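This report describes one protein model in plain terms. Please look at the sequence and the structure before reading on.

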Amino acid sequence: MEDLFVILLVEDEELIRNVVEDTLDDGGFKVVLAESGEEAVKLLDASDPKYRALVTDIKLGGHGTLTGWDVARHARSIDPELAVVYMTGDSAAEWASQGVPNSVLLTKPFAPAQLITAVAQLLNVGGQTPT
């Protein structure tokens, strides 16, 4: 398990979180879950594990004040090469101004294969391909 890429998944809706977690798990990734932006920031600030990607919803309602945009900017301040995939149902228009560079945005609903492809593509572009 230690040779798997670790992905931080930030999603406040349980049903979506479970589907995305299963998709990433089936894709061969180890997933760490956060239900809020604040929880995600705490996990990112911890020294272990080293995350290789962040998959985050943009609107994280009800659990705090941080958005997925905020979480991604914080993550990139720690690791400028971190792969970032945003998921949204209605915030796609803000991606150009709010999103971090070299990220991918998936509009809900999306197919599980789209998520795996987005993560794999970003990991490959970042030179983080598995050996």
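## The largest pocket

In this predicted model, the lining of the largest pocket consists of I16, V19, V20, T23, K108, P109, F110, A111, P112 and L115. On a 1 Å grid over the protein atoms alone, a pocket is an open set of points with protein on both sides within 12 Å along at least five of seven lines, and lining residues have an atom within 4 Å of a point. The space in the largest pocket is about 150 Å³, a volume being the space filled by probe spheres set on the grid points, which are joined across faces, edges and corners.

Helices α1 and α5 each supply at least two residues of this lining, and α1 gives the most, with four residues. Helices (H or I, at least four residues) and strands (E, at least two) are DSSP runs, numbered from the N terminus. By residue class, the lining divides into eight nonpolar, one polar and one charged. Here Ala, Val, Leu, Ile, Met, Phe, Trp, Tyr, Cys and Pro count as nonpolar, Asp, Glu, Lys and Arg as charged, and the others, Gly among them, as polar.

## Two loops

The lining residue P109 lies in the loop between β5 and α5. A cis peptide bond, with omega of about -5°, joins K108 and P109.

Another loop, between α4 (95–98) and β5, contains N102. The phi of N102 is near 55°, a positive value in a residue other than glycine.

## The sheet and its helices

Five strands form an open sheet in the order β2-β1-β3-β4-β5, with parallel pairing; two strands pair if DSSP finds at least two bridges between them. At the edges are β2 (30–34) and β5 (104–107), each of which pairs on one side only. Strand β4 (residues 83–88) pairs with β5 over four bridges in the parallel sense, and M87 stands opposite L106 in β5.

Helix α1 (residues 14–26) packs on the sheet and touches β1 (6–10), β2, β3 (53–57) and β4, where contact means heavy atoms within 4.5 Å. Helix α5 (residues 112–125) lies across β1, β3, β4 and β5, at about 155° to β4. Angles run from 0 to 180 degrees between N-to-C directions, and axes are lines fitted to C-alpha atoms, for helices over the stretch in contact.

## Helices α2 and α3

The axes of α2 (residues 37–45) and α3 (residues 68–78) come within 10 Å and cross at roughly 5°. The two helices are therefore roughly parallel to each other, a description used for angles under 35 degrees.

In this contact, G37, A40, V41, L44 and D45 of α2 meet V71, H74, A75 and I78 of α3. These residues divide into six nonpolar, two polar and one charged.

## Basis of the values

Residues are numbered from 1 along each chain as its sequence is written, and side-chain values use heavy atoms, with hydrogens and water left out. Local features need pLDDT of at least 70 and side-chain atom pairs count only at pLDDT 80 or more, while totals for chains, interfaces and linings use all residues.

Key:
Parallel < 35°, antiparallel > 145°, perpendicular 65-115°, else oblique. 1 Å grid on protein atoms, 1.4 Å probe; cavity = no way out; pocket = protein on both sides within 12 Å on 5 of 7 lines; lining within 4 Å.
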